[in-house]
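Here are a few notes to read alongside the coordinates.

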Amino acid sequence: MREKEIRLALVCYGGISLAVYMHGITKEIWRLARASQAFHKGEIPDSGSQGVYRDLLKEIEDETGLRMRVLVDIIAGASAGGINGVFLAQAITTGQSLEPLTQLWLDSADVEALIDPEQAPSNKLSKIWALPIAWMAARRSAQNVDELVEAGARREVSSKLSHFVRSRWFEPPFGGELFSGLILDALDAMAAAPRGARLLPAGQPLDLFVTVTDFRGHPERLTLNSPPEVVETEHRLVVPFTDHGLAVDTLAHPGELAFAARSTSSFPGAFPPFMVGEMDRVLERRKVAWPGRADFLRRVLPRQSAANAADHAVLIDGSVLANAPFRPAIEALRERPARREIDRRFVYIDPAPGSKIHFGSTNVEAPGFFQTILGAISELPRQQPIRDNLDDIAERSRAIERMRTIVLNIRAEVEAQVEGLFGYTLFLDSPTTARLAHWRARAQSAAAKNAGYGYAAYAHLKIAGVIEAITSLLYSAGGEPGPQRLERIRSHVADAVSARGFDHVKRRFSDGASATTISFLRSYDLGFRIRRLRMLARRVTELETDHAEAMLAPIRDAIYASLADYLECKRTEKHAHLRKDVRLLRGDAGPLLDKLAESLDLKRLDTATEQRLAAAFTGLEREVKRPILLTYLGFPYFDVATLPLLQGEGLDEFDPIKVDRIAPDDATSIRAGGAEATLKGIQFNNFGAFFSRAYRENDYLWGRLHGAERMIDIVLSSLTGNARLKPGRVAAIKRAAFLAIVDEEGPKLAAIPGLIESLRREIG
């Protein structure tokens, strides 16, 4: 069977009480990942929707010959999305279950559970005059939404809303330490429940990014022409976590995960700002030690830590400045390993697309005083379209498409050049390890000479790219963040490269690079090796149309095994022993470069790669061996043509990125109308689910249903060409998933029996 991975990079928006709805969605994503793992292990997954997903993957394999895997390896979230992202990442990397979270969400995401006892109203008459404000906000929702939840919920909402608006004003009503404790309770519940295996292959990292807003800000120096340097205040922060592709008991210390979840969800006016002392007090009461506290603060608050002010940093809701954190997720693509064909998806979860503040008004008059202020400082930043992010992704995808078009158009000429260089003896003899090494060196030399005037620009661009790669490796190994530190390392490395003559390209273009430069590239040019194997993997995939998978499997395995070795060289941990040397770097970087070359050990990896390829070539038929060998030896020709297009960077994942959205508007198989027709949490400016358990049960159930529908859509959209399921099967699969979810949740969600009955009728 041909294999393909659907890799999901999740971007989770903020949504206040719609966090409950997002929990339902992320739970279905987690269940699909579990079903995929069980399918590939030959195990029977849990019942419910997981069984439906497993059957879907089996049907795709039987009908199309495509063995599909689904995994989540990148998560970025803000505010409510940040909380859900933390829990989902913890479940994926540890094998823990998300099931215990559901009851905690339904029980604890309630105004009565969240309100700070010190902020509660002193008596029933306190702030009674504020009630009209709350009910005015309530009228912004359409009447048909009120009918989705039983009338009995109205008394609960009225009572809790009254309690909420009569709490002390001009101070946040919700308790910060109370909320931190609830997050830790959730992590403890996950840890205590039965766990399964890690939901990613060994060596495949899980990266989590949680956005936070630094209220006071921290200084960042900018280099200009005049004045030479200015200082500006930066308020955006990203709290990153990674498991480095290893099996771990926890993604990070619970206090650090709670730090990220609590700070990103400090919605202005509802929760107090977060400071690290809050987490210290909560952990102390629980008698939980935090041995890595200092290292964690240096990593996530480097500026404040350098000034001994990390304890005084004031952090608020991450969605204030970065409600759609695409940027860190895009940057994480550079570190992805690959073992098979990839279908990369960016999936963003937007619980209420296009929602706006109306304050009960439906006319077209100019906004009032308070509406203008609140919209400017709160709503407008959150509603800013993600067009810039999507444009970046689209441009990256267009660059990949252009590169693939160029490769296809020049392939015949490159193959002719390689055949002319070696003659027919290339195909009469079996490619041994020694022959591959000799042929590779000869082809690279010929490509340099035949490139003409274009080679000089290519060579300098290539060397500059290697310098950047070295700088990045050393910067990460040093562990001292900051743009100034990065620039100093880059300057020292560039000076050492120039001093040693590594960047000398001969005067005559036909002469190519100098022997010294070639030696430098063989020691440090990791990107060239990775690009070559990526292209080789793509060529093997193209050959699948006309050749059996059994024939191609050995060469594919050899390619991806070698690729994994080279990608391992990009991991910070591999070069951690250089940390002291990097931090002491003040002048000549030559000795440090020598140590890095030993750490990379690329020449040994080259030999191992050619041994694998030579062994795999032995069993290949001539019509398969020829195009693969021509691609391998002809890669220098392709690289000269495509590297300038990629601006010297190379792309770790060779396929264009597709972007998918999960939102109420996109899941219409059961009920159309979007959030207004399905969700209760959108009431009271997205605070609605805090006021009623019935509201939370409603939103959680719709989250699972919408998540199931959209994940089935996304999986099926990965089928290409003429591959598709039989007519009527898609609707039948969705119906099976919907009924499985309703059957599972019906007995548990006691507050919404009317909705359960209605859904059964609507699903049919």
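Contact here means heavy atoms within 4.5 Å. Please keep in mind that this is a predicted model.

1. **Asp666 and its surroundings.** Setting aside residues up to four places away in sequence, Asp666 touches Arg661, Glu709 and Arg710. Asp666 sits in the loop that runs between β7 (658–662) and α28 (674–678). The side chain of Asp666 makes a polar contact of 2.7 Å with the side chain of Arg661. Asp666 and Glu709 are 43 residues apart along the chain, with 9.0 Å between their C-alpha atoms.

2. **Lys4, a buried lysine.** Lys4 belongs to strand β1 (residues 2–12). The relative accessibility of Lys4 is 3%, and the cut-off for buried is under 20%, so Lys4 counts as buried. Beyond its neighbours within four places in sequence, Lys4 is in contact with Leu66, Arg67, Met68 and Arg69, with Arg340, Glu341 and Asp343, and with Ser718 and Thr720.

3. **A salt bridge across the sequence.** Side chains of opposite charge can pair when their charged atoms come close. How many salt bridges are there? The count comes to 48. In one of them, the side chains of Glu59 and Arg729 meet at 2.8 Å, N to O. Glu59 lies in helix α2 (residues 49–64) and Arg729 in helix α31 (residues 729–745), so this pair ties together parts that are 670 residues apart in sequence. Glu59 counts as buried at 16% relative accessibility, while Arg729 is partly exposed at 30%.

4. **Salt bridges within a helix.** Arg539 and Glu542 form a salt bridge of 3.1 Å, N to O. Both residues lie in helix α22 (residues 526–543), and because they are three residues apart, about one helical turn separates them. Arg539 is buried, with a relative accessible area of 12%, whereas Glu542 is partly exposed at 31%. Another example is Arg693 with Glu697, where the closest N and O atoms are 2.9 Å apart. Arg693 and Glu697 are four residues apart in helix α30 (residues 693–716), about one turn of the helix. Here Arg693 is partly exposed, with a relative accessible area of 22%, and Glu697 is buried at 1%. Elsewhere, salt bridges that share partners join Lys27, Glu28, Arg31, Glu99, Arg704, Glu744, Glu745 and Lys748 into one network.

5. **Helix α26 and what covers it.** Helix α26 (residues 602–618) has 17 residues and spans 24 Å from its first C-alpha to its last, close to the 24 Å expected at 1.5 Å a residue. Its buried residues are Leu602, Leu605, Asp606, Ala608, Thr609, Glu610, Leu613, Ala614, Ala616 and Phe617. Which elements cover them? The cover includes α18 (433–450), α21 (515–524), α22, α23 (549–568), α25 (590–600) and α27 (622–642).

6. **Strand β3 and its partners.** Strand β3 (residues 207–223) pairs with strand β2 (residues 66–77) in the parallel sense over four bridges, and Asp207 of β3 is the bridge partner of Ile74. Strand β4 (residues 229–242) runs antiparallel to β3, joined by 13 bridges; Leu222 has Val230 of β4 as its bridge partner. Strand β5 (residues 315–316) is also antiparallel to β3, with two bridges, and Thr213 stands opposite Ile316 in β5.

7. **Aromatic pairs.** The structure holds ten aromatic pairs. The rings of Trp290 and Phe296 have centres 6.0 Å apart and planes at 50°, so this pair is tilted. Both Trp290 and Phe296 are buried. Phe502 and Phe520 make a stacked pair, at 4.8 Å centre to centre and 15° between the planes. Phe502 lies in the loop between α20 (483–499) and α21, and Phe520 in helix α21, so the pair ties together parts 18 residues apart in sequence. Phe502 counts as buried at 12% relative accessibility, and Phe520 does at 1%. Ring pairs also link Phe241, Phe259, Phe274, Trp290 and Phe296 into a cluster.

Technical notes. Residues numbered from 1 in each chain as written. Predicted model: local features only at pLDDT ≥ 70, side-chain atom pairs only at ≥ 80, totals over all residues. Heavy atoms only, no water. Buried < 20%, exposed > 50% of the residue type's maximum accessible area, 1.4 Å probe, protein only. Polar contact = N/O pair within 3.5 Å; in protein donor to acceptor, adjacent residues only side chain to side chain. Salt bridge = Lys/Arg side-chain N within 4 Å of Asp/Glu carboxyl O. Expected span 1.5 Å × (residues − 1). Pairing = 2+ DSSP bridges. Phe/Tyr/Trp six-rings, centres within 6.5 Å; stacked < 30°, edge-to-face > 60°.
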